[in-house]
Each structure stands twice: as structure tokens, then as C-alpha cells.
Amino acid sequence: MKFVSGGMDRDHELEEGVTVEEEFGSSCQTSPQDKREVVRELIGVIHTVGSYEEYRRLQREECHDLFERLQLLLPLFEEIRDFEGQIPESGIEFLMKLKKAFSSAKKLLKTCHCGSKIYLAIESEAVMGRFYSVYERLSQALENIPYDEFGISDEEKEQVELLRVQFRRAKKRNVSQDMELTMDLMVALSTNNDRNADSASIDRLGHKLGLRTVEDLKVETISVRKVVKERKGRHAEETQKILDLLNKFRRFAGLEEIELLMPKAHEKSTSLAIPKEFLCPITLEIMMDPVTVSTGQTYERENIQQLLDSNCRTCPKTGKILEHLVLAPNFALKNLIQQWCEKNNFQLPKKQTIPKSETPSTQRDGKFLSLIQDLSSSQLEVQRKAVKEIRMLSKENPENRTVIVNHGGIPPLVQLLSYPDSRIQENAVTALLNLSIDETNKKLISKEEPIPTIIEILQNGNVGAKENSAAALFSLSMLDENKEAIGSLNGIPPLIELLRNGTIRGKKDAITALFNLCFSEQNVRLANEAGIVALLFQLLEKKNLEMVDETLSILLLLATHPDGRHEMGKLSFIETLVNLIRDGTPKNKECSVAVLHRLSAHNSNLMLAALQYGVYEHLVDIAESGTDRGQRKAKSILQLMSKAEQIP
């Protein structure tokens, strides 16, 4: 599948300056039958995209809207197809323009159907920009239809004109932002280190993006490789974010990281070009042991075997179900590759051998069982050693976490939370945090009622224990019932204290937990009562902490409560918001405008105060060139201002 890069990239079906006739042939070179074939192709595009049963969740609604609008053109195409007269020149030009627009629409819908889930999440705004570009192309293509020459009925003409207006006026969808997804992406992309808080965010991201299993990640890896290849070095920074997040998912699933060398943009490679038929479609690397599957496609044996081992029964290149799992050696291709390598003095890469486990599963299980039994030992050093090792093992991979839980590791770990030893407490709470990465384990841990003790460690533990307790509360609070429990058990004040006086890592763990907890209306009230707003004001001034966006995201949640809005009504805060709207990063501006929008919707005086601080011209700038969400919010505030001016 071909990916179109993010940002403002165009779909380069036609080179600039190339006319429709030059691309598709002049009218005198193409018969009327060929022109009608174009109509059949357009109908075929609608049927093809109609076969896409599912779309990625972030773009699902927009995809369905686009498809439904394309379907409305079917009656027009059928009338043109059945037209028996000579197709006019104006009709030929119309069909060619529409074919180009349909090509863009099909590519976009295919990307949203089976493209990289990480790409579609990280660059969702750029993807939405592609939707509006497609709408613009469709609108322009439908502008000059020679209805009379085609003999189009008045009824259908009226329908198409209405649809053309819809395309031309298509506005960016005013959908509410998925705040959890936004925050999880912030956390996941904000650091290259696997902090404990990250694991909970990665877990939730995996659920939201549909990257929950090893098979999901292997398929996603193929898609990401295609993104890198198609971009050819363009948008390197955004592409690196996609790779970094993919590798985080792979690490947490116990898979090896992948390394992809991104070419420099617009730089011609001086290295030897490997024939594309020698490259494995999965990794895009030269094959050493090519094998053919039942669909007739050839892959590197190790790569396709990994997919088969993960219960994948689909051919990666064709998408067809494999009739059987026999891998037939492709000796002819292997000989060709070897001859080409010898002729060009090309050294095949050495195979990386993955070391097999030195201990059988039965011995491994025995080791885990012994460690869990040692958690209840009467000897302090034995307990310390066991809980530390379980902490490390529980972080490594999902299989270890499953074994620990299946051997009854959760109850003794919860009991150790109240043990009067700081090192044991820290390792126990961190082990529980690691186990809680898995959704099922969250519920099993919650049944042991660890939250009161975790809150106590958050209040009185050592630095590391406090940080990991905050992260554990964040992870457990993904269950709605735990959100309520943490608030009612007085867990919010110690999180606010950690946010005030903790280390940088502690502050980030605390703000992530508080953000998640404030999705509960009860906790919004409790956080406001605990004085969180004033502290968040202070954090906005400390831009070196790189927590401005997270701070504004929590303030947006707190602004749903009258007490929170009252605190935010101070002129000093409105001035700070305006300064961020003026001088902040694009994301700072977006979040600041969102907060100002919510405040202004409830109190027009705050909007007037922002005007006095000079916000108007900055809102106009953001409405024209800000992020997708920033544009929507800025335009909405400008509309509120316009209505306020009309009130006598």
C-alpha cells in the first residue's frame, strides 16, 4: 500500500504543468469507448472503497461521510455510462479531473482502512487536512459538468449541485478532542526513557489504537516501514516520532526494537540499488532465504515465519487468507540474488541469531514460584531480594507478568506495601505498577484493595516510592471505579503535594495521574478544593519543566466546575493565557485557546479581559494557520466576540 506523507504533502498523481491530455492522452487518441471506461473506473472506485468494512477509529466518522458522499454520485455516473451520443470535449476534461480527485479519495480511504495506526494518531491533523484537500478537489471537478451534452436529468443535476456545494463548504469537523489519547501521546513522546508512568500510557494507547497483541505490532511494523520508505527522508522529525513510539510498543510487548535508516530528503543515493524483486515485502531488506506462500508471494523465511508463529494467517502483501502454511523455498530467486551479489560485490547481511531461553518453561515457572514464596519469608534480606527481582522481571515482558499473576504473586505484593521497610515498599509498589500494565491484572490487583496503602506510600515513602505510587494510581485509575475510590480515600492532596515539591519525574508522574483522575466530576471538585488551580498557575510560569500542555489540559478539565472557573477568572491568569496564545508553541497555543474558549463560554467578562490584553489579532492568526483544534476553538471564540459586540 502506498502511503502519502503527512504535513501538507500533495498526492503526486500529476506533475506540475502536465495537462490532463498529456497525462491521459488527447481526445483524438482516445475512443469514446475508452472514455466510458473511465466512468466504469469511477464506479469501480466507489465499489472498492465500499468493501472497506472498517476504518481506524480516529478517522472513522470522516471516512464514512466521504464514502457516503461519493456514493451519491453513482446515479450521475450511471446516466453518463448509458449516454449513447458523442462525448464532448468538456465532458472528457470533466471525467479526467474527477478521476484524479477520486484517486486521491481512494488513497486516503485506503490509508485510513489499513494504514499505520501510529501514523494516523500522531499526524491526525495532517490526515484531516488531506480530507479537506480531497473535498476541495471534488468540488472543483464538479464545477463545470456539461449536463446538457450528457443528457443528465434535471433531478440528478439538482442532486449533484447540492453535493458540490457540500464539498465546497466542507468544514473541519468540530469534534471533541480525545483528551486521554492526547495526554497519553504527550507522555509517550515526551521522553526516550521507559519511565514507569509511560507503561500505563502505552497500555492505554495500545487499547485505543488496536495495538494489543504481538500480531498487531508485527502488522503495524510492516506499515511503519512503508511509511518510512514512501517518505524518502521527508518529514524526518515526525517519522522519528512514529518509529520511537512503535519501538516503545515493541519493548513493552517483549519484542526487539527495529532500526530503520531514514534517507536524507532530496538526496540521491550513491549506494548500489538493489532490485526490488530481491527485497522482502515485510522488511524491505534483501532476502537471504526466500520462500513462497500459497498466494504466490515471496518473503524472507524468518520474517514470514514470525508472522505465522503469531497466528497471523493473512498474506501481508495481498491481504488474502493463506490456504495453507507451507513455505516453499524459492531456489531460483535465491540463485539470482547470490549471482547478483557476486557480480556487484555486495555482502549479504549476517543473520542475527536470537538466543533461545537457557531454561525450560518448567524450570522458569519453578523459579518464579520460588521467588513468590520468598515474598512471605521471615528473613528480611530474602524478602528484599525476591521483591526486587520480581520488580525487574515484571517489567521485562507480558509473559513474565502472566506467570507472576498465575502463581499468585499479587496478594503477597499487596501485603508488602505495608511492610515497614522503604526498599521493600518501593519495589512492591513498582512491581504492582508493572503488573497493572495488563488490563486483566488491573482488576485482579484492585480486588486486593491496595489503594489505601499506595496512597500512604505516596504520602510517606521515599522519593522513588512516591513517584512510582503516583504512576500506580494513574494506571489503576483507568478503571472508573478506582477513580472514585482514589478521590474518596483522599489520594488527590498527596498527588498535588508531589506535583508541588517532587522531582521533575515525580511532577510528571503526579500531573499524569491527576489528569486521569479529573475525568471524574467528584475528583474535579476535590482537586479544586485542594487548591490545585493556584499550583497549576505556578507551573505555567516554569516553562523549563516542559509541562505547559499537560498543565493546560488539566485546567481545561477543571474549568468544567464553577469553582475551577472562578479561580481561573483572575486577571493574571487571563494575561498568562494571552501570552501563551501569542508566544507559545503550536500545541501551547492550541491548549490555551481551548481553555479560554471554555472560560469565555461561561463568562463573557473573561473574554473581554482577554481582548484588553490584545488576544484578538492572535486569535485571527490561529484561526488561519493554527493546529486543527486550535483553528476550531479560535474561530468559535471570534464568533462569541462578534455576538457580544451585537448585544446593545
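**Reading charges, helices and turns in a predicted model**

Biologist: How many salt bridges does a search of the whole structure find?

Modeller: Such a search finds 17 salt bridges, each one a side-chain nitrogen of Lys or Arg within 4 Å of a carboxyl oxygen of Asp or Glu. Keep in mind that this is a predicted model, where local features need pLDDT of at least 70 and side-chain atom pairs count only at pLDDT 80 or more, while totals for chains, interfaces and linings use all residues. Residues are numbered from 1 along each chain as its sequence is written, and side-chain values use heavy atoms, with hydrogens and water left out.

Biologist: Let's take one pair. Where do E161 and R164 lie?

Modeller: Helices here are DSSP runs of H or I with at least four residues, strands are runs of E with at least two, and both are numbered from the N terminus. E161 and R164 both sit in helix α9 (residues 154–168), three residues apart, about one turn of the helix. Their closest N and O atoms are 3.0 Å apart.

Biologist: And is R164 buried or exposed?

Modeller: Buried means under 20% relative accessible area, exposed means over 50%, and partly exposed is in between (1.4 Å probe, protein chains only). R164 has a relative accessible area of 15%, so it counts as buried. E161 is partly exposed, because its value is 24%.

Biologist: Which residue forms a salt bridge with D289?

Modeller: That's R301, with 2.8 Å between the closest N and O atoms. This pair links distant parts of the chain: R301 is in helix α14 (residues 301–309) and D289 is in the loop between α13 and β1, twelve residues apart. D289 is buried at 18% relative accessible area, whereas R301 is partly exposed at 28%.

Biologist: Which residues form the positive surface patch?

Modeller: A patch is made of residues with over 30% relative accessible area and no salt bridge, where like charges are joined within 9 Å and nonpolar side chains (Val, Leu, Ile, Met, Phe, Trp, Tyr) within 5 Å. Lys and Arg count as positive, Asp and Glu as negative, and His and the chain ends are not counted. Here the positive patch consists of K229, K232, K276 and K317. K276 is in the loop between α13 (236–252) and β1 (290–292), and it counts as exposed because its relative accessibility is 71%.

Biologist: What is the phi of N345 near?

Modeller: Near 55 degrees, a positive value in a residue other than glycine. N345 is in the loop between α15 (331–343) and α16 (361–374), and it is exposed at 72% relative accessibility. N490 also has a positive phi, near 65 degrees, and is found in the loop between α24 (480–488) and α25 (492–501).

Note on methods
Areas by Shrake-Rupley, 256 points an atom, 1.4 Å probe, with all protein chains shown as cover. Charge placed at Lys NZ, Arg CZ, Asp CG, Glu CD.
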